[in-house]
Amino acid sequence: MATAVVTGAGQGIGRAISRRLAADGYDVVAVDRDGDAVRETAEMVTGDWRRCDVADPASVAALAESLDRVDVLVNNAGIWIFADLAGTSSDDVRRVLEVNVMGVFHCTQALAPLMGPGSCIVNLSSNASFSNSPGIGIYPPSKAAVESLTKQTALELGSRGIRVNAVGPGMIQTEGTQANYEGDRGAQRARAVPLGRTGWPEDIADVVGFLASDDARYVTGQVLYVDGGLSAGRAAL
Ligand SMILES: NC(=O)c1ccc[n+]([C@@H]2O[C@H](COP(=O)([O-])OP(=O)(O)OC[C@H]3O[C@@H](n4cnc5c(N)ncnc54)[C@H](O)[C@@H]3O)[C@@H](O)[C@H]2O)c1
């Protein structure tokens with residue numbers, strides 16, 4: 001059976017992607033730095049799990065050593081720090097770039113040798129990569145780098161028949177973003193979205209499922225925004 005590796009699979013979007021890919025028939029290897037959470041995901045999808053910090057090359061090398069083949073790699077693990085750039089320390093910048101950018105690099109470099117023609121990589125970007133807003137500091141530049149990395153990787157792996165794309169979520173309610181939706185903030189945010197609601201992890205997982213499928217066999221080097229229309233503009237108020 002084909003194997004799908006999903007990073008950041010302990011909760012949120014990564015857990016939903018694991019469920020979708022398992023439903024599509026993949027053997028899922030759920031990966032996260034939080035061992036308890038990712039074991040729970042693996043139980044849900046009757047899959048396997050690994051504890052791994054994508055920011056740490058040695059940890060990713062151990063992950064790669066433990067796998068025989070990879071058909072789908074979803075580089076989903078990501079973090080953000082709410083702070084203006086002026087209030088962001090060098091250590092914070094380093095941490096966000098190490099997980100969001102270097103994490104994608106480490107996993108791609110270590111796992112691509114286990115991938116063959118017809119396999120694919122899906123990276124998680126964000127519509128924040130171009131719609132910058134105050135208060136999230138280094139996160140938008142980190143996701144802009146993920147998009148550039150996606151295209152660069154697509155060019156390098158195309159000749160081996162490996163497709164590489166990115167999905168850019170908008171405002172998705174997950175464990176990691178729940179604080180943004182407390183009180184009337186959720187309704188306020190929903191009003192800005194052309195489709196009139198904020199998103200759920202499954203909205204993203206279903207598009208990852210499509211990009212991983214043979215229906216997307218001629219799609220590579222693309223970024224698909226899954227944001228209820230936010231990248232087209234804000235809804236009329
Ligand atoms: N939720 C949104 O609104 C939204 C919007 C745009 C983009 N995204 C992107 O989607 C992805 C998932 O977001 P989410 O909301 O589900 O996040 P989340 O915080 O709910 O979950 C992230 C998971 O990644 C794991 N993780 C973090 N750092 C890791 C590391 N170094 N190594 C391994 N695992 C690590 C965490 O333990 C957690 O289980 C991220 O890349 C995020 O930037 C999310």
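Tutor: A polar contact is a pair of N or O atoms within 3.5 Å; within protein, one must be able to donate a hydrogen and the other to accept it, and residues adjacent in sequence count only if both atoms are side-chain atoms. Here's one: the side chain of Thr-88 reaches the backbone oxygen of Asp-84 at 2.7 Å.

Student: Okay, and what kind of model is this?

Tutor: This is a predicted model, where local features need pLDDT of at least 70, side-chain atom pairs count only at pLDDT 80 or more, and totals for chains, interfaces and linings use all residues. Residues are numbered from 1 along each chain as its sequence is written, and side-chain values use heavy atoms, with hydrogens and water left out.

Student: Back to Thr-88, where does it lie?

Tutor: In the loop between β4 (72-75) and α4 (90-111). Those names come from DSSP runs, numbered from the N terminus: helices are H or I with at least four residues, strands are E with at least two.

Student: Is Thr-88 buried or exposed?

Tutor: Thr-88 counts as buried, because its relative accessibility is 17%. The cut-offs are under 20% relative accessible area for buried, over 50% for exposed, and partly exposed in between (1.4 Å probe, protein chains only).

Student: What does Thr-88 touch?

Tutor: Leaving out residues up to four places away in sequence, Thr-88 touches Ala-83, Val-93 and Gly-137. Contact here means heavy atoms within 4.5 Å.

Student: New topic: which residues are closest to the ligand?

Tutor: Asp-32, Asp-53, Asn-76, Tyr-139 and Thr-174 are the closest, out of 29 residues that surround the ligand. A residue is near a molecule or strand if one of its heavy atoms lies within 4 Å of it.

Student: And which atoms of Asp-32 and Thr-174 are involved?

Tutor: For Asp-32, a polar side-chain atom lies 2.6 Å from an oxygen atom of the ligand. Thr-174 has an N or O atom in its side chain that is 2.6 Å from a ligand oxygen atom. With Ile-172 it's a backbone N or O atom, 2.9 Å from an oxygen atom of the ligand.

Student: Now the helices. How far apart are the ends of α1?

Tutor: The end C-alpha atoms of helix α1 (residues 12-23) are 17 Å apart. The expected span is 1.5 Å times one less than the number of residues. For the twelve residues of α1 that should give 16 Å, so the two agree.

Student: Which residues of α1 are buried?

Tutor: Gly-12, Ile-13, Gly-14, Arg-15, Ala-16, Ile-17, Ser-18 and Leu-21. After α1 comes Gly-25, with a positive phi near 105 degrees.

Student: What about positive phi outside glycine?

Tutor: Look at Thr-46, which isn't a glycine and has a positive phi near 45 degrees. Thr-46 is found in the loop between α2 (35-44) and β3 (48-51), and it is exposed, with a relative accessible area of 75%.

Student: How many residues does the largest nonpolar core have?

Tutor: It has 27, and Ile-17, Leu-21, Val-72, Val-74, Val-167 and Ile-204 have the most contacts inside it. A nonpolar core is a set of buried Ala, Val, Leu, Ile, Met, Phe, Trp, Tyr and Cys residues joined through side-chain atoms within 4.5 Å. β1 (3-7), α1, β2 (27-32), β4, β5 (120-124) and α7 (201-212) each give two or more residues to this core.

Student: Which element gives the most?

Tutor: α7 does, with six residues. One of the buried residues of α7 is Ile-204. Apart from neighbours within four places in sequence, Ile-204 is in contact with Ile-13, Leu-124, Val-167, Pro-169, Ile-172 and Val-226.

Student: What covers the buried residues of α7?

Tutor: The cover includes α1, β4, β5, β6 (163-169) and β7 (223-226).

Student: Last one: how many disulfides are there?

Tutor: The count comes to zero, where a disulfide is a pair of cysteine sulfur atoms within 2.5 Å. For Cys-107, the nearest cysteine sulfur is that of Cys-52, 5.7 Å away. Cys-107 is buried, with a relative accessible area of 1%.
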